[in-house]
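Subject: Model for you to look at

Hello,

Here is the structure I said I would pass on. My notes on it follow below the model.

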Amino acid sequence: MVQNIALTFGSKAILTQFMTANSDRKLVLLGSSTGDDEGLQLLDVSGQPSLFTTNLDYRVKLHQGATDWRGFFSFSYFKFDPDTADVFDAKINRLAANPLPEGMRALYVLTKTADSGSYILLTIWDDGQAFSLWRHSAAFAPLDIYATSANHYHAAGYHRLAAKTTH
């Protein structure tokens, strides 16, 4: 199991060049679900120490499901105080103890290495529609209370891109 995940952002040209130079790493190139080629994200899921200088290094606190890194990627970012983090962890653990929701391929709870109160809930789905159905269902309600500005919440959706550039 992957113990840590690092991420960075950049243009397709820079990130694909980085991928080529580090072909020994398990790297996943993601494009925004909005369809633009700006602000691409690169995940290092090799579990090795990060090569990135972004200081966006995360410890895998919880993982349930597949490890094939394909589908629709939903990133939900939170900043918690210790008490809120404990309650959130308990709710996520309950979610992970049951079969994953329909269409969810994997669930990862990540905490920032340099700031354990900074969380990412990374869910990987068959497609964006499966995520949307879950996000607006009663099954999401226990987590919805955290999706507020008080927790510095923001979210982004991505899909996997081929590393090769097309002309």
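A residue is called buried when its relative accessible area is under 20%, exposed when it is over 50%, and partly exposed in between, with a 1.4 Å probe and protein chains only. This is a predicted model, in which local features need pLDDT of at least 70 and side-chain atom pairs count only at pLDDT 80 or more, while totals for chains, interfaces and linings use all residues. Residues are numbered from 1 along each chain as its sequence is written, and side-chain values use heavy atoms, with hydrogens and water left out. Helices (H or I, at least four residues) and strands (E, at least two) are DSSP runs, numbered from the N terminus.

Salt bridges

A salt bridge here is a side-chain nitrogen of Lys or Arg within 4 Å of a carboxyl oxygen of Asp or Glu. By that rule the model has seven salt bridges. One of them joins Asp44 and Arg25, at 2.6 Å from N to O. This pair links distant parts of the chain: Asp44 is in strand 3 (residues 40-44), and Arg25 is in the loop between helix 1 (12-21) and strand 2 (27-32), 19 residues apart. Asp44 and Arg25 are both buried.

Another salt bridge is formed by the side chains of Asp89 and Lys61, at 2.9 Å from N to O. Here too distant parts of the chain are linked, with Asp89 in helix 2 (residues 82-97) and Lys61 in strand 4 (residues 57-65), 28 residues apart. Asp89 is buried, at a relative accessible area of 13%; Lys61 is partly exposed, at 35%.

Arg70 and Asp68 also meet through their side chains in a salt bridge, at 3.0 Å from N to O. Arg70 is partly exposed, with a relative accessible area of 48%, and Asp68 is partly exposed, with 30%. Both belong to a network of salt bridges that links Asp68, Arg70, Arg105 and Asp126.

Helix 1

The buried residues of helix 1 are Lys12, Leu15, Thr16 and Met19. Seen down the helix axis, they fall within an arc of 95°, so they line one face of the helix; the arc is that of the directions from the helix axis to the C-beta atoms. These buried residues pack against strand 1 (4-10), strand 2 and strand 3, where contact means heavy atoms within 4.5 Å. On the face turned away from the buried side, helix 1 carries the exposed residues Ala13, Ile14, Gln17 and Ala21.

Strand 6 and its partners

Strand 6 (residues 104-112) has eight of its nine residues buried, so it is largely enclosed by the rest of the structure. Two strands pair if DSSP finds at least two bridges between them. Strand 4 and strand 6 run antiparallel and are joined by seven bridges; Leu62 has Val109 in strand 6 as its bridge partner. Strand 6 also pairs with strand 7 (residues 115-125) in the antiparallel sense, over eight bridges. Strand 6 and strand 7 form a hairpin with two residues between them, and the bridge partner of Leu107 in strand 7 is Thr123.

Arg135

Arg135 lies in helix 3 (residues 128-135). Leaving aside its neighbours within four places in sequence, Arg135 is in contact with Phe140, Asp144, Ala147 and Tyr153.

Regards
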